[in-house]
Amino acid sequence: MQPEPYKITVVEPIHLLSPDLREARLKDAHFNLFQLLARDVYIDLLTDSGTGSQSQAQWSGIVQGDEAYAGSRSYVRFEAAVKSIFGYDNVIAVHQGRAAEHILFGTLVEKGMVVPANTHFDTTRANIEARGARAVDLQVPEAAEIETEEPFKGNMNIQALEDVLHEDAQRVPFIIITITNNSVGGQPVSMANVRAVRRVAEKFNKPIIFDAARFAENCYFIKCREEEYAETSLLDIAHELFGMGDGAVVSLKK
């Protein structure tokens, strides 16, 4: 077996509290993981955002970053990279995915609306429900079948989507597709399913918004599991995927 092709040069110390102290900290936090102090957590599985080591190129990028108040060359480079992948005209940089959701939903979602998705991530649901709207999950039945090996358990249930739109079309501002489908174990969504969602969206004149935090993995699964894309580059898969949508919110810390 070959060793990993990198060297670890920075070590961050962590501390293992005694069982009694861990129990006391949990009680003090009322068993709410968001109330725990990071210094008291030995193995942190709360999120995968920003938990990996950074490369020397990333650290050097931070040092070389242009922090100009306006017209920053770092932002111009970032904007060009985002547009080259997603193909959307407007790019708004925020500090976290939930901030992007807050801006978008604060603009488009009103009290009493219904927002369908293959599955809403927790912050997505919170931002929708904070506006007084209802977040509706429309998973395919296979999503609940843990023992099976269906290739695209993250798919949207197309019939359920049609049913929601037939009943509540006037109250639906847009359709969300989460790729990969985080809340069902990071399961991928097929290109065929996105194409089917697009047909329904066009039928009811509804935009599609991607929650695209893990779009790169989803594109890779499409390449591996949908035969017609076996020879297609990941970038071309991304272009086709996002070409069927009208916008995206993305947490790039993944």
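Me: Taking Lys and Arg as positive and Asp and Glu as negative, with His and the chain ends not counted, how far apart are the mean positions of the positive and negative charges of the protein?

Reply: This is a predicted model, and in it the mean position of the 25 positive charges and that of the 36 negative charges are 5 Å apart. As for overall dimensions, the C-alpha trace spans about 55 × 50 × 45 Å along its principal axes, and the protein exposes about 16300 Å², of which carbon and sulfur atoms supply 53%.

Me: How many helices and strands does the protein have, and in what pattern along the sequence?

Reply: There are nine helices and five strands, and reading along the sequence gives α-α-α-α-β-α-β-α-β-α-β-α-α-β. Among contacts between residues at least 6 apart in sequence, 63% join residues at least 24 apart.

Me: How should I read burial, and what share of the residues in the protein is buried?

Reply: A residue is called buried when its relative accessible area is under 20%, and exposed when that area is over 50%. Buried residues make up 36% of the 254 residues here.

Me: Which strands are joined by bridges, and do they run parallel or antiparallel?

Reply: Strands are said to pair when at least two bridges are found between them. Four bridges join β1 to strand β2 (residues 134-137), and these two run parallel; within this pairing, A117 stands opposite D137 of β2. Four bridges also join β3 to β4, again in a parallel arrangement, and there I176 stands opposite I209 of β4.

Me: Where does T178 lie, and why does T178 count as buried or exposed?

Reply: T178 lies in strand β3, which covers residues 175-178, and T178 counts as buried because its relative accessibility is 3%, against a cut-off of 20%. The side chain of T178 reaches the backbone oxygen of T119 at 2.8 Å. Once neighbours within four places in sequence are left aside, T178 is in contact with N118, T119, V189 and D211.

Me: Which peptide bond is cis?

Reply: The bond from I179 to T180 is cis, with omega near -20°, and T180 has its place in the loop between β3 and α7 (191-204).

Me: Which residues other than glycine have a positive phi?

Reply: Two such cases can be given, including F31, whose phi is near 60°, and N205, whose phi is about 60°. F31 has its place in the loop between α1 (19-28) and α2 (56-64), and F31 counts as exposed because its relative accessible area is 58%. N205 lies in the loop between α7 and β4, and N205 is exposed too, with a relative accessible area of 68%.

Me: Where does N90 lie, and what separates its C-alpha atom from that of G247?

Reply: N90 lies in the loop between α3 (73-86) and α4 (97-108), and N90 counts as exposed because its relative accessibility is 69%. Although N90 and G247 are 157 residues apart along the chain, their C-alpha atoms are separated by 9.0 Å.

Definitions and conventions
Residues are numbered from 1 along each chain as its sequence is written. This is a predicted model: local features need pLDDT of at least 70, side-chain atom pairs count only at pLDDT 80 or more; totals for chains, interfaces and linings use all residues. Side-chain values use heavy atoms; hydrogens and water are left out. Buried means under 20% relative accessible area, exposed over 50%, partly exposed in between (1.4 Å probe, protein chains only). A polar contact is a pair of N or O atoms within 3.5 Å; within protein, one must be able to donate a hydrogen and the other to accept it, and residues adjacent in sequence count only if both atoms are side-chain atoms. Contact means heavy atoms within 4.5 Å. Accessible areas come from the Shrake-Rupley method with a 1.4 Å probe; for residues, only the protein chains shown count as cover. Lys and Arg count as positive and Asp and Glu as negative; His and the chain ends are not counted. The place of a charge is taken as NZ of Lys, CZ of Arg, CG of Asp or CD of Glu.
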